[in-house]
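Have a look at the sequence and the structure first, and then we can go through the details together.

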Amino acid sequence: MNLHEFQGKALFADYGLPVSKGKVIYEAEDALKACRDIGGTKWVVKAQVHAGGRGKSGGVKLVETPDEAIKFAKKWLGKRLVTYQTDSSGQLVNSILVEECTDIEKELYLSAVIDRDSQRVVFIGSSEGGVNIEEVAKNTPEKIIYEPIDPLCGAQGFQARKIAKVLELDVAQTKQFTPMLKNLTKLFLEKDLSLLEINPLVITSGGNLHCLDAKINIDANAIFR
Ligand code: ADP
Ligand code: MG
């Protein structure tokens, strides 16, 4: 079962991961209250569908007034969004995530999947985020790290440092990354995930790590739990 970005981010927040302040809306007019509640002068509005590639297809937009947010919501609610990850009929947009705008210094990639061969959760990281990871894997495989997690020991500090090196994090960011990796592993196991992807994981202009997107898939066999 796929979760929407806003649901995935709620789980991230439960596990202490840094996510943006945001509100999900189902009616265009509610964008005004959402912007006001979040505060600030810039927001990002994001159509909620179970597919990536929204940014390139007009499904993610930076807005500078609540009116623009309402306009975006009016444009997309009840419509179908087509991205390179959907089929040609696209996916119906039922909700919009309004969130605070983050000033981005750099976009990174982090995900976790179950590797059937080793029967372990494996983290995949790259300094090349925000883009199609399949392209990075094809063209510059040396920029991707695959780090399997021992199911008995969980994610270890040395593994966080190994991934952080490939992500080109500095010392302070590596310190932030270590508990993140441990918490993501906990989330993955406790919630029976089959996929977790943060693309992009960003370094903000303040130098901090922040989860800007969230894709989560829960193993259908575990839904009853
Ligand atoms: P998708 O993967 O479907 O294209 P993302 O959530 O990754 O959607 O958003 C696309 C891009 O939009 C990101 O790579 C990032 O550059 C930008 N973006 C998304 N959310 C925010 C935000 N809250 N603040 C600033 N920029 C954002
Ligand atoms: Mg994304």
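## Ground rules

Helices (H or I, at least four residues) and strands (E, at least two) are DSSP runs, numbered from the N terminus. This is a predicted model, in which local features need pLDDT of at least 70 and side-chain atom pairs count only at pLDDT 80 or more, while totals for chains, interfaces and linings use all residues; side-chain values use heavy atoms, with hydrogens and water left out. Residues are numbered from 1 along each chain as its sequence is written, and chains are lettered from A and ligands numbered from 1 in the order in which they are written.

Helix H1 covers residues 5-14, and its buried residues include Glu5, Phe6 and Leu11 (buried means under 20% relative accessible area, exposed over 50%, partly exposed in between, with a 1.4 Å probe and protein chains only). After H1 comes Gly16, with a positive phi near 75°.

Glu5 has a relative accessible area of 3%. Its side chain makes a polar contact of 2.9 Å with the side chain of Arg54. A polar contact is a pair of N or O atoms within 3.5 Å; within protein, one must be able to donate a hydrogen and the other to accept it, and residues adjacent in sequence count only if both atoms are side-chain atoms.

## Around ligand 1

Arg54 turns up again here: it is among the closest of the 17 residues that surround ligand 1, together with Lys46, Gly55, Glu99 and Glu107 (a residue is near a molecule or strand if one of its heavy atoms lies within 4 Å of it).

Nitrogen atoms of ligand 1 lie 2.7 Å from a side-chain N or O atom of Glu99 and 3.0 Å from a backbone N or O atom of Glu100. An oxygen atom of ligand 1 is 2.5 Å from a side-chain N or O atom of Glu107. Strands E2 (43-47), E6 (96-100), E7 (104-115) and E10 each give two or more residues to the shell around ligand 1.

## The magnesium site

Which protein donors does the magnesium ion (ligand 2) have? They are Asn199 (O) and Asp213 (OD), 2.1 Å from the ion. Donors are N, O and S atoms within 2.8 Å of the metal (3.2 Å for Na, K and Ca); water is not among the atoms, so sites may look incomplete.

Asn199 lies in strand E10 (residues 193-204) and Asp213 in the loop between strands E11 (209-211) and E12 (215-218), so the pair ties together parts that are 14 residues apart in sequence. Both Asn199 and Asp213 are buried.
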